[in-house]
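Subject: Structure for you to look at

Hi,

Here is the structure I promised to pass on. Please open it alongside this email, and my notes follow below.

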Amino acid sequence: MSPVSQERETQVIDAAPKQLYINGQWRDARDGRVLEVHDPSTGKVLCTVANASPEDGWDALKAAQAAQGDFAAMPPRQRANILMRAFELMHERKDDLALLMTLEMGKPLTDAAGEVVYAAEFFRHFAEEATRISGGYQDAPAGNARFLIRKEPVGPSLLITPWNFPLAMGTRKIGPAIAAGCTSVLKPAELTPLSMLALAKILEDAGAPEGVVNILVTSTSGKVMEPLIRSGIARKLSFTGSTPVGKKLLEQCADKVLRTSMELGGNAAFVVFEDADLDKAVDGAMQAKMRNSGEACTAANRIFVHRSVLQEFSEKLAQRMAELKVGRGVDDGVQVGPMVDASQRDKVKELVDDAVGAGADVVVGGEPAAGEGFFYPPTVLRNVPRQARMWTEEIFGPVAPLTPFDTEAEVLELVNDTEYGLVNYVYTNDLTRALRVAEGIESGMVGLNQGVVSNPAAPFGGVKESGLGREGGDTGIDEFLETKYIGIAM
């Protein structure tokens, strides 16, 4: 892939929408505020975008409320057609969307292009699900009545997305909302608003009616979103982000008993048994650890390797990590971009320093890169002890911490020794052990001999403090549907 010219970067940034999208109109914030969007590879300002006020939030929610009745009544095929057209437009505009994402978030251009394709797939998947919403009809046990079961849209929905997958986390929520017949107000992360604003333009061009999708960018999330959550107008909140923030939002949702979906923090374990194919395990570890430069809730946060193969595995993994090219995501051959901002880079450094201070050995990496931008090199640590902070805190960076284990029972206890339960990974060639361990693991998802589990056609979500509900699969649309029972006397 050839380096991207400065002229091309400027062209894509200039063409990106930078206003709020409310009731089918592009407009500035009511009070004229703006916020800066930065390039994490340089720290420089890319542009400014409209910064929504609480009044803008009310405008967006009222627009969603006004549009809800007609949109719920729209035939499912028409809603599906909107999603399919948006799917096609995302592919047509893939190059621009990928570059825009790389510039505001930092991930390599090849990864960003992959995310565009992945994100678009949620629209195609839920376009197909829109026409499959079904209910039921049955006899009452006593025979004196009939039960008619109907699925109806929940209603106006609030959607909050993170910065690490700025397109895919949006389509994963907007897709089922539109398919189910729900209008929405979406707030993207302030660090990466451009991708979601570009998606709003695509939905507009795909024929989404006014008020069906509204986009609020704001630097004051609490002031803008909390009144909407407590309003009694919104009937659903779908949030992807940290567990502490998710808990606060759940408290706010309790006020009006909102339907909630929560995809929260993770502390994924990656287990390598002594009988595993080590080369495949290293491949899987690279995927589970280095996807999105480790800035993912599904990233391997604790890597447990059987003591008999720890040395060999760590050497193979360190070699692969050392070979990765770090740099601006738009440059030729770059495989690892910067952390999203200075605070994220500094947190990674703190966690590595803490682990080394607790007795971990640095195999490769271990120090932040010098120069501009928020870079941290791919790092492998060996013999990370349980008292290290990264045992319980998400690293969210390109750091692979290895810890030895001796028995299956021991590693299962280690894997489950966390309040989180999003995803875990297991590598073994023993089928019986694989199923036994997978069933014993406390998480919503398990990858057996694979380092990536995310798929639009599969239910994504966790247990314990990793969240509530599922996104994707044939269950994702159910999060936006209520079940109505109609009793019919006979």
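The protein chain splits into domain 1 (6–264 + 466–487) and domain 2 (269–448), with bounds that come from an automatic or database domain assignment. Please keep in mind that this is a predicted model, in which local features need pLDDT of at least 70 and side-chain atom pairs count only at pLDDT 80 or more, while totals for chains, interfaces and linings use all residues. Residues are numbered from 1 along each chain as its sequence is written, and side-chain values use heavy atoms, with hydrogens and water left out.

UniProt, in an unreviewed entry, lists residues 26–486 as "domain: Aldehyde dehydrogenase"; its positions are given in the numbering used here, feature names are shortened, and annotations may be inferred rather than shown by experiment. Over residues 26–486 the chain is 39% helix and 21% strand, with the end C-alpha atoms 42 Å apart. Helices (H or I, at least four residues) and strands (E, at least two) are DSSP runs, numbered from the N terminus.

Now to the place where the domains meet. The C-alpha centres of domain 1 and domain 2 are 31 Å apart. In contact (heavy atoms within 4.5 Å) are 26 residues of domain 1 and 26 residues of domain 2. Between them the two domains bury about 2100 Å², with 57% of that on carbon and sulfur atoms; buried area is the accessible area (1.4 Å probe) that two parts lose on being put together, summed over both. On the domain 1 side, S41, W163 and S466 lose the most area to domain 2, together 25% of what that side buries.

The polar side of this interface is worth a look too. There are 10 residue pairs in polar contact between domain 1 and domain 2 (both at pLDDT 80 or more), each a pair of N or O atoms within 3.5 Å; within protein, one must be able to donate a hydrogen and the other to accept it, and residues adjacent in sequence count only if both atoms are side-chain atoms. On the side of domain 1 that touches domain 2, the elements giving two or more residues are α4 (94–105) and α5 (109–130), and α4 gives the most, with 4 residues.

Finally, 2 salt bridges run between domain 1 and domain 2, a salt bridge being a side-chain nitrogen of Lys or Arg within 4 Å of a carboxyl oxygen of Asp or Glu. R328 pairs with D39 in a salt bridge, with the closest N and O atoms 2.8 Å apart. R328 also meets E9 in a salt bridge (3.2 Å, N to O).

Best wishes
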